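Please look at the sequence and the structure together, and keep both in view while you read.

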Amino acid sequence: MKGTRAKPPTLPAHIDLDVLEDTLSFYIRVISLAVSRDLDEWLDGLEVAKGTGKVTTLLLVDSHPGIRPSVIAHLVMKDRSAMGRLVDHMIGQGLLTRKISSDDSRAHELYITPAGAELAAKVRVLATEQSKRFFDFIPEHEQRQVMDILKRAYCRFVGMPPQNSADKEGQVG
């Protein structure tokens, strides 16, 4: 009716998400924000809290001594300049060191410091526990299905061979 206006919604339950209701990217973005906020609470007070890429960088350098910043940037989908700033910051915090590659003098390699290795050990425990608790309302078998789907999508986006649980279960060795 002309001249009458519906009362605006005052509660989230009164909202229709429009086309977002059926858009996977909407749910991924919102869940990503929620997971990041929760993880920041778990990591509060640690050098890797707040921001994106610090946890991944710390763990990859700890697991792969000599890894190049460009490889990490590719894996976390950051541009090289943002990765450079992040690495400089982590070096300044005493978590990483950077050396010129003996294979290519234009390339840098990253190494963990003792303080970085100690922090990586803490972060592994906290991140694993945070993920378990954050998603504890989803049954484990459904979590594995979602993980498989997201891993396949991730591998496609970063150009890695697909790694799904069916592949791993079928492997002998």
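Trp42 has its place in helix H1, which spans residues 24-42, where helices (H or I, at least four residues) and strands (E, at least two) are DSSP runs, numbered from the N terminus. What you see is a predicted model, in which local features need pLDDT of at least 70 and side-chain atom pairs count only at pLDDT 80 or more, while totals for chains, interfaces and linings use all residues. Residues are numbered from 1 along each chain as its sequence is written, and side-chain values use heavy atoms, with hydrogens and water left out.

Is Trp42 buried or exposed, or does it fall in between? With a relative accessibility of 26%, Trp42 counts as partly exposed, since buried means under 20% relative accessible area, exposed over 50%, and partly exposed in between (1.4 Å probe, protein chains only). Leaving aside residues up to four places away in sequence, Trp42 touches Leu126, Glu129, Gln130 and Arg133, a contact being heavy atoms within 4.5 Å.

Lys132 belongs to helix H5, and Lys132 is exposed, with a relative accessible area of 53%. Between Lys132 and Gln143 there are 9.8 Å in space, C-alpha to C-alpha, and the two are 11 residues apart in sequence.

Two packed helices are described by the angle between their axes and the distance between the axes. Here, axes are lines fitted to C-alpha atoms, for helices over the stretch in contact, and angles run from 0 to 180 degrees between N-to-C directions. Helix H2 (residues 54-63) packs with H5 (residues 114-134) at an angle of about 115°, their axes being 10 Å apart. H2 contributes Val55, Leu58, Leu59, Asp62 and Ser63 to this contact, and H5 contributes Gly116, Ala117, Leu119, Ala120, Val123 and Arg124. Sorted by class, the contact of H2 with H5 has seven nonpolar, two polar and two charged residues, where Ala, Val, Leu, Ile, Met, Phe, Trp, Tyr, Cys and Pro count as nonpolar, Asp, Glu, Lys and Arg as charged, and the others, Gly among them, as polar.

H2 also packs with H4, at an angle of about 70° and with axes 11 Å apart. That angle makes H2 roughly perpendicular to H4, because angles under 35 degrees count as roughly parallel, over 145 as roughly antiparallel, 65 to 115 as roughly perpendicular and the rest as oblique. On the side of H2 the contact is made by Lys54, Thr57 and Leu58, and on the side of H4 by Met83, Leu86 and Met90.

Helix H3 (residues 69-76) has Pro69, Ile72, Ala73 and Leu75 buried. Why do these residues lie on the same side of H3? They cover an arc of only 165° around the axis, and therefore share that side, the arc being that of the directions from the helix axis to the C-beta atoms. The cover over the buried residues of H3 includes H2, H4 (80-92), strand S2 (108-112) and helix H6 (140-158). With H4, H3 packs at an angle of about 115°, the axes lying 9 Å apart, and in this pair Pro69, Ser70, Ile72, Ala73 and Val76 of H3 meet Arg80, Met83 and Val87 of H4. After H3 comes Met77, whose phi is positive, near 60°.
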